[in-house]
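Hi,

Here is the model I promised to pass on.

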Amino acid sequence: MKEKELQRVILSELSEEVNLRPLSGFKLNFSANPGFQKVYFSASCACETAALLSVEVSNDKTDKEILDAIPSLVERLMSQERSFRGMDCSMHGMMRRGFITGSQEEVGSPEEN
Ligand SMILES: [Zn+2]
């Protein structure tokens, strides 16, 4: 099953209040999982922060097996979307700065030893 087809099927299963855009032609593969096809979606907030959401499907799966797995893929995307929506916009702003500076691990405990 092609990326576009998979995105279309997933989008058709999402509930109305979930507002995700398919990202196509996105060739980054963060997971280093060569046997998997990843499909990406973006969720965006009114504050203009966007989150990258993704699900992956094994290349070994047949189209029918993929279709059987759609409900769990949809559930995974929706829970990613919910956690993005669950943050307030000051968190979104911090996420954006984090993406730019690449430093999100600064919140350790300063009083070790
Ligand atoms: Zn926001």
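Below is what I found, starting with the ground rules.

This is a predicted model, with local features needing pLDDT of at least 70, side-chain atom pairs counted only at pLDDT 80 or more, and totals for chains, interfaces and linings using all residues. Numbering starts from 1 along each chain as its sequence is written.

**The sheet.** Three strands form an open sheet in the order β1-β2-β3, with antiparallel pairing (strands are DSSP E runs of at least two residues and helices H or I runs of at least four, numbered from the N terminus; two strands pair if DSSP finds at least two bridges between them). The edge strands, β1 (20-23) and β3, each pair on one side only. Neighbouring strands are turned by 30° against each other on average, direction ignored (axes are lines fitted to C-alpha atoms, for helices over the stretch in contact, with angles from 0 to 180 degrees between N-to-C directions). β1 and β2 share 4 bridges, and R21 has S42 in β2 as its bridge partner.

**The helices.** Helix α1 (residues 3-13) packs on the sheet and touches β1, β2 and β3, its direction making about 50° with that of β2 (contact means C-beta atoms, placed from the backbone, within 7 Å). α2 also packs on the sheet, touching β1, β2 and β3, at about 160° to the direction of β3.

**The core.** The largest nonpolar core has 10 residues, including L6, L20, F41 and F84 (buried Ala, Val, Leu, Ile, Met, Phe, Trp, Tyr and Cys joined through C-beta atoms within 7 Å; buried means 20 or more other C-beta atoms within 10 Å of a residue's own). β2 gives the most to this core, with 4 residues.

Best wishes

Notes
Buried ≥ 20, exposed ≤ 12 C-beta atoms within 10 Å, placed from the backbone. Contact = placed C-beta atoms within 7 Å.
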